[in-house]
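I opened the model to look up a few residues, their contacts and their salt bridges. My entries follow in the order I made them.

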Amino acid sequence: MEISFLDSAIIVAYLVGIVLVGLFATRKMKMTGEGYFLAGRGLGWATIGAALFASNISTIHLTGLAADGFDIGLVAGNYEWMAAFTLILLGLVFAPFYFKTKISTLPEFLERRFDSRSRTLLAFMAIIGALFIHIGMSLYAGASVFEKFYGVNMYVSIIVISAITAIYTVAGGLKAVVVTENIQTIILLLGSIILTVLAIYAVGDTGISSFEELKAAMKPGQLEMLHTPDTEIARTKGYSWYAFFLGYPVLGIWYWCTDQTIVQRVLGAKTQNDAQYGPLFAGLLKILPAFILVLPGALAYVLFKDHIAAPIETLPVLIDRLLPVGLKGVFAAALLAALMSTIAAALNSCSSLVALDIVKRINPEVSDKKQVRIGRITAVVVMLVAILWSTQGGKFGSIFQAINDMAGALAPPISAVFLLGAFYRRGSRDAAFYTLLIGFVLGVVLFLLDFAPVSGYRYITDGLGVAFLMRTWWMFCLCCILFVVLSWITPKPDEAQIAETTFRNPREVISGKVESWKDVRVLAGLLLLVIIILYAIFE
């Protein structure tokens, strides 16, 4: 694909502009620890919601969801719609605890609920996730996309994108990250909507004029969100309706409710309402990717199936065939926005984890100035290590599958400990630590067994016939059992310790008088209703 001078100018203008905006956003902010790591706790709900959305949508999502749309259809959109359910959990269940306890990191919350051992272990697991999943794989995916789309050398892309993202992230902290993420959300949505609209018009030009005609031109079930176990997609991909409804929430609770890279925006909220409304706004935005990222891939099957040799080529073909000069530059900016927002979020979270969960615990008297300096050094070091790791991305067959398998190693024990920690008052400190430790070790073993580039064969998925999502669910069940059993055979927690970190009973989440339609419970109910209606339409 050749890139015009106009498209090149748009890309350069975006890169220069985003750096200047990131640096300008924090010019008057005092770089205290709270200012650097939590944006001075002054973030509003709209900023939080848009930043949550932008930090989640990476280049892997853009290319992977379009490829899945071409290959299997709208069922891939379950990853997006199911995210809305876990964002509701973040808004209703976890955000109030995070805001009231004034924590700076998620590991700190575990220390408040359990003890310092769990805090240290979770910080380690979070850094591993940010380094290998959020940054390393995203860098490789983004660089490979720009090499394939625009002929830019992969290693040049990795270095340039890393350097530009690091400049404003290292200098400005969370405030710079969320301000740029808000701009990147707009660019990402704009580019994706334009591509979707052009794809819909192109389908109309083929003579297809009704929904039934469109379904007939596609693969069976390509426009359906939910599949019974006897369908081909459920059998070959493990994407049955119950696999998503059981397995995804385990991933979602870890990712949306307990991962420092994502939740750090909520920790910087100005008020409790902002901390709760922000995730609900993000949940509303997560409805869109099924229509603007997955659907174009499905439409590409109708338009260009004879020109697409492999599903991963779907997005490049759509861009090449549908976008005119100028708009290709806009979409390139959208790709950059998706990549840079994810990397910036992960860099900032690693800075916070090292400075606050490691250095400050070792030396509680460390000054704010030194915390910020340590955070900046951490970001640079993590960026350099991630660059080296990203060069190994070509050894994996599917990047999208790789990050899901990596997430499956981290999610079950963390989701079990946070969820039961919030609702199960008998949960003990020993139960939390050993559930995290045993669950993490077992998760890594299963990952290595099931990852063909490492083990030579997918022993769990292909050998035992247990699909990825169901494996995640059964691991979660095992971790929950382990947590409950260990809690009963170890000393019970102190009542004073759990008073501010645990619900007295589950009904407390939704109990109390509703004062107006702005009540977070009402808004959460409306979002839930919208998702249910959409599932009914596309079932």
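I started with threonine 502, which I found in the loop between α23 (495-498) and α24 (520-538). The model is predicted. Threonine 502 has a relative accessible area of 4%, so I put it down as buried, the limit being under 20%. Setting aside neighbours within four places in sequence, I listed its contacts as Phe97, Arg113, Gly421, Ala422, Phe423, Tyr424 and Arg425.

Arginine 425, one of those contacts, was my next stop. I found it in a salt bridge with glutamate 495, with the closest N and O atoms 3.4 Å apart. This pair links distant parts of the chain: arginine 425 is in the loop between α18 (399-423) and α19, glutamate 495 is in helix α23, and 70 residues separate them. Both partners are partly exposed, arginine 425 at 24% and glutamate 495 at 47% relative accessibility.

I then went through the other salt bridges; the count comes to 13. Aspartate 71 and lysine 237 meet through their side chains at 3.4 Å, N to O. Aspartate 71 lies in helix α4 (residues 59-71) and lysine 237 in helix α10 (residues 232-237), so the bridge ties together parts 166 residues apart in sequence. I noted aspartate 71 as partly exposed at 25% and lysine 237 as partly exposed at 40%. Salt bridges with shared partners join Asp71, Lys219 and Lys237 into one network.

I also looked up glutamate 111 and arginine 119, whose closest N and O atoms are 2.5 Å apart in a salt bridge. Here glutamate 111 is partly exposed at 26%, whereas arginine 119 is buried at 7%.

Next was leucine 295 in helix α14 (residues 289-304). From leucine 295 to phenylalanine 70 I read 8.4 Å, C-alpha to C-alpha, across 225 residues of sequence.

For helix packing I took α11 (residues 241-258) and α12 (residues 260-267), whose axes come within 6 Å and cross at roughly 45 degrees. That angle makes α11 oblique to α12. Tyr255, Trp256, Cys257 and Thr258 of α11 meet Gln260, Ile262 and Val263 of α12.

Last, I checked the surface and found a nonpolar patch of about 820 Å², with Tyr434, Ile438, Tyr457 and Leu478 among its residues. Helix α19 (residues 429-450) gives the largest share, seven residues. Isoleucine 438 sits in this helix and is partly exposed at 42%.

Notes. Residues are numbered from 1 along each chain as its sequence is written. This is a predicted model: local features need pLDDT of at least 70, side-chain atom pairs count only at pLDDT 80 or more; totals for chains, interfaces and linings use all residues. Side-chain values use heavy atoms; hydrogens and water are left out. Patches are made of residues with over 30% relative accessible area and no salt bridge: like charges are joined within 9 Å, nonpolar side chains (Val, Leu, Ile, Met, Phe, Trp, Tyr) within 5 Å. Accessible areas come from the Shrake-Rupley method with a 1.4 Å probe; for residues, only the protein chains shown count as cover. A salt bridge is a side-chain nitrogen of Lys or Arg within 4 Å of a carboxyl oxygen of Asp or Glu. Helices (H or I, at least four residues) and strands (E, at least two) are DSSP runs, numbered from the N terminus. Buried means under 20% relative accessible area, exposed over 50%, partly exposed in between (1.4 Å probe, protein chains only). Axes are lines fitted to C-alpha atoms, for helices over the stretch in contact, and angles run from 0 to 180 degrees between N-to-C directions. Angles under 35 degrees count as roughly parallel, over 145 as roughly antiparallel, 65 to 115 as roughly perpendicular and the rest as oblique. Contact means heavy atoms within 4.5 Å.
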